[in-house]
Amino acid sequence: SSIEGGDLLGVSDSRERVHSSMYEKLRTNLPRECMGYDDFWFGDAFEDSRRFCGHREVLTYLQAFAARFELGPLIRYHTKVVQAVPVTPTEGSLFGGPAWEVTTQQLGDGAAETTSTAVYDALVVCNGHYSQPR
C-alpha cells in the first residue's frame, strides 16, 4: 500500500539526499521477536524472514498492523507537534498517568497552516532521528 505523504524510507531516486545514519541495506539491531506487538506477531509472513530484518520489512509490518486495526484515519501526516503538556487525566482515561494536551500544526503545500489542540490518554514520541536514509 502507498504511504500518504510520500517516500518515508527515502527509497525513491528523486528524493533529496541528506546525511543520515540510515542507509539502503540497514538491518534492525533487534530481533523480530522483540519488535512485534502481542496481538500482531512480527512473523515470517513478510518478504524478509531474517531474524534481524531490513527497514523496509519494519515499514511493511507497521503498515499491516495499521491496516489490521484500522488506524489509518487516526494517523496525521505533515503535522508538527508544537507543544505537549501533561494534564490531569479525564474521566475514563486508559492509563494511570497524566493525560496529554497536545497542540499540533497541520503543514500544507502553500495553504494556510492550521493549529489545533486535543487531550490524549497517552503520548508516543517518534522524533524521526533516523528518518532520512542516505
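Predicted model: local features only at pLDDT ≥ 70, side-chain atom pairs only at ≥ 80, totals over all residues.
## From the helices to the sheet

The cover over the buried residues of helix α2 includes helix α1, residues 32-35.

The buried residues of α2 are His55, Glu57, Tyr61, Gln63, Phe65 and Ala66. How far apart should the ends of α2 be at 1.5 Å a residue? Helix α2 runs over residues 55-68, and its 14 residues should span 20 Å. Just after α2 comes Glu70, where phi is positive, at about 50 degrees.

Side chains of opposite charge can pair when their charged atoms come close. How many salt bridges does a search of the whole structure find? The search gives two. One of them is formed by Arg32 and Glu57, with 4.0 Å between the closest N and O atoms. Arg32 belongs to helix α1 and Glu57 to helix α2, so this pair ties together parts that are 25 residues apart in sequence. Are the two partners buried or exposed? A residue counts as buried under 20% relative accessible area. Arg32 has 4% relative accessibility and therefore counts as buried. Glu57 is buried as well, because its relative accessible area is 4%.

The other salt bridge joins Glu33 and Arg51, and here the closest N and O atoms are 3.0 Å apart. Glu33 lies in helix α1, whereas Arg51 lies in the loop between α1 and α2, so the pair ties together parts that are 18 residues apart in sequence. Partly exposed residues fall between the 20% limit for buried and the 50% limit for exposed. With 49% relative accessibility, Glu33 counts as partly exposed. Arg51, at a relative accessible area of 48%, is partly exposed too.

Along the sequence the protein follows the pattern α-α-β-β-β, with two helices and three strands. The three strands form an open sheet in the order β1-β2-β3, with antiparallel pairing. Which strands stand at the edges? They are β1, residues 79-87, and β3, residues 114-120; each has a single partner strand, so one side of each is left without a neighbour in the sheet. With direction ignored, neighbouring strands of this sheet are turned by 20 degrees against each other on average.

Strands of a sheet pair through backbone hydrogen bonds, either parallel or antiparallel. In this model, β1 pairs with β2, residues 99-106, in the antiparallel sense over eight bridges. Val87 has Ala99 in β2 as its bridge partner, and Gln83 has Thr103 in β2. The pairing of β2 with β3 is also antiparallel and runs over seven bridges. On that side, Trp100 stands opposite Tyr120 in β3.

At 8% relative accessibility, Thr104 counts as buried. Which residues does Thr104 contact, leaving aside its neighbours within four places in sequence? They are Arg76, Thr79, Lys80, Val81, Val82, Thr114, Thr115 and Ser116.

Gly96 gives a contrasting case. This residue sits in the loop between β1 and β2. With 82% relative accessibility, Gly96 counts as exposed. Gly96 and Asp121 are 25 residues apart in sequence, and their C-alpha atoms are 9.1 Å apart in space.

Some totals cover the protein as a whole. Of its 134 residues, 20% count as buried. The protein exposes about 9900 Å², and carbon and sulfur atoms supply 53% of that area. Among contacts between residues at least 6 apart in sequence, 43% join residues at least 24 apart.

Terms used
Residues numbered from 1 in each chain as written. Heavy atoms only, no water. Helix = DSSP H or I, 4+ residues; strand = E, 2+ residues; numbered from the N terminus. Expected span 1.5 Å × (residues − 1). Buried < 20%, exposed > 50% of the residue type's maximum accessible area, 1.4 Å probe, protein only. Contact = heavy atoms within 4.5 Å. Pairing = 2+ DSSP bridges. Axes fitted to C-alpha atoms, helices over the stretch in contact; angles between N-to-C directions. Areas by Shrake-Rupley, 256 points an atom, 1.4 Å probe, with all protein chains shown as cover. Salt bridge = Lys/Arg side-chain N within 4 Å of Asp/Glu carboxyl O.
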